[in-house]
Amino acid sequence: MRISVVGCGYLGAVHAVGMAELGHEVVGVDVDESKIALLNSGEAPFYEPGLPELLKDALATGRLSFTTDISAVKGAAVHFVAVGTPQRKGSNAADLTYVDAAVDALAPHLSAGDIVVGKSTVPVGTAARLAERVTASAPGAVLAWNPEFLREGLAVQDTLSPDRLVYGVPSGETGVAAASALDKIYAVALAKKTPRIITDYATAELVKVSANAFLATKISFINAMAEVCEATGADVTQLADAIGHDARIGRRFLNAGLGFGGGCLPKDIRAFMARADELGVDQALSFLSDVDDINLRRRTRMVELAREVCGGELAGKRIAVLGLAFKPNSDDVRDSPALDVATQLMREGAVVVATDPEAIETSRRLVPDLTLVPTPEEAAKGADAVLLLTEWQQYRELDPRALGYIVSTKAILDGRNCLAPAEWRSAGWTYRALGRP
Ligand code: UGA
């Protein structure tokens with residue numbers, strides 16, 4: 001099928017490449033010229049494992065191209081909207097400027113029978129509003145909402161083999177037409193018996209935000225248990241293993257530590273609360289405010305732990321920060337717990353030297369005065385404390401003995417509960433973690 005993808009960020013770029021890989025003819029559109037130039041030259045504008053290879057392959061087939069010219073969408077039958085919905089400045093609500101602008105930009109180029117497919121995460125009610133806009137400006141065009149559940153770091157796999165497909169479509173014939181176009185696009189996944197749920201706009205929009213709200217709640221639940229563990233000498237990692245054996249609970253997303261960050265979970269739970277407030281059901285989601293607070297408290301707790309191991313005073317202390325991305329296998333530092341802790345430590349007067357395998361440049365853009373070095377060894381040189389804040393595989397594998405020769409004081413703070421405490425302690429380190437004795 002001929003497809004356009006409007007917005008070529010973490011979501012749109014991967015979607016465009018993935019759809020071309022599935023055999024479709026795809027044009028990706030973005031207003032950012034440098035991003036488009038990079039994509040056209042076969043370079044991914046962000047770090048995502050597997051994407052550069054797939055991008056080069058797809059460009060070579062001639063089925064994929066990128067442009068800043070929105071009129072290039074003409075002739076495509078399906079138009080995906082994959083632009084960002086960041087948190088609005090000074091409010092919890094989502095900023096829908098980019099979604100509205102994308103739909104308005106598309107409208108003049110649509111023909112009757114074209115399908116506009118929303119992928120961005122939006123407050124419930126947005127699709128209904130946009131559907132009116134689409135039909136008013138392009139009679140005969142249809143809007144569908146098809147939320148995306150990809151995880152950064154696994155985005156290629158999640159795009160090519162999603163665990164479910166959700167179509168929010170209008171009732172009647174137009175809805176049937178939209179669903180059958182989406183079926184053609186996702187034919188490969190459907191042939192593999194991927195579950196598909198066809199529903200209304202509101203349910204499709206809510207599936208997305210409630211899934212993220214549930215994941216955030218699961219993480220904050222175990223982090224709340226970590227707080228109780230800290231007060232009682234219990235071990236939250238063993239607790240998670242034990243409760244996780246109950247299939248009804250499950251062990252996944254029960255990793256206690258510095259908590260969640262990134263461009264999705266934090267802003268999505270806030271936007272969800274803001275929308276619930278507008279709908280008069282704020283009480284139903286008031287627990288999400290605790291989920292947010294528990295999450296942010298873990299960052300403060302990490303700063304306090306650092307102060308403790310530094311003898312009660314952070315000013316002038318040299319602190320090595322290993323990991324800045326919001327999670328491993330990503331260069332994304334949007335609302336990153338690690339970068340937040342590094343910044344808080346700097347504010348307290350600590351001399352922070354930070355590193356990350358992929359997120360040096362993205363961190364520099366957000367926090368230009370943070371000292372950044374390429375390797376953990378350089379970061380650890382003369383350190384009074386080493387903080388592991390993003391669990392990259394290479395940091396999990398650090399040798400405590402070798403690192404012991406580099407630091408000034410052997411104190412390690414495991415912000416992601418990903419190291420073996422006994423190994424570090426037997427190498428003479430003070431090992432501290434969140435929710436662990
Ligand atoms: C999340 C969802 O998992 C995706 O399903 C969704 O499509 C995406 O948001 C989105 O809305 O676009 P992502 O932001 O890539 O994906 O990251 P996650 O893997 O969910 O991790 C989020 C944060 O939670 C990370 O900071 C991670 O370190 C933290 N986390 C995760 C924990 O602290 N503990 C865990 O057990 C799991």
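How much area do domain 1 and domain 2 bury between them, and what percentage of it lies on carbon and sulfur atoms? The two domains bury about 1,400 Å² between them, 51% of it on carbon and sulfur atoms; buried area is the accessible area (1.4 Å probe) that two parts lose on being put together, summed over both. Within domain 1, Tyr47, Asn92 and Glu152 supply 42% of the area buried against domain 2, more than any other three residues.

This is a predicted model, in which local features need pLDDT of at least 70 and side-chain atom pairs count only at pLDDT 80 or more, while totals for chains, interfaces and linings use all residues. Residues are numbered from 1 along each chain as its sequence is written, and side-chain values use heavy atoms, with hydrogens and water left out.

The chain is divided into domain 1 (2-199) and domain 2 (236-437), with bounds from an automatic or database domain assignment. Their C-alpha centres lie 33 Å apart. The contact (heavy atoms within 4.5 Å) takes 17 residues from domain 1 and 17 residues from domain 2.

The ligand is surrounded by 21 residues (a heavy atom within 4 Å), and each domain contributes at least three residues to this shell. Leu150, Glu152, Lys208, Asn212 and Phe326 are the closest. Helix α9 (201-232), a DSSP run of H or I of at least four residues, gives the largest share, 4 residues.

| Side chain | Distance to a ligand oxygen atom |
|---|---|
| Lys208 | 2.7 Å |
| Asn212 | 2.7 Å |
| Arg416 | 3.2 Å |

Methods. A polar contact is a pair of N or O atoms within 3.5 Å; within protein, one must be able to donate a hydrogen and the other to accept it, and residues adjacent in sequence count only if both atoms are side-chain atoms. Helices (H or I, at least four residues) and strands (E, at least two) are DSSP runs, numbered from the N terminus.
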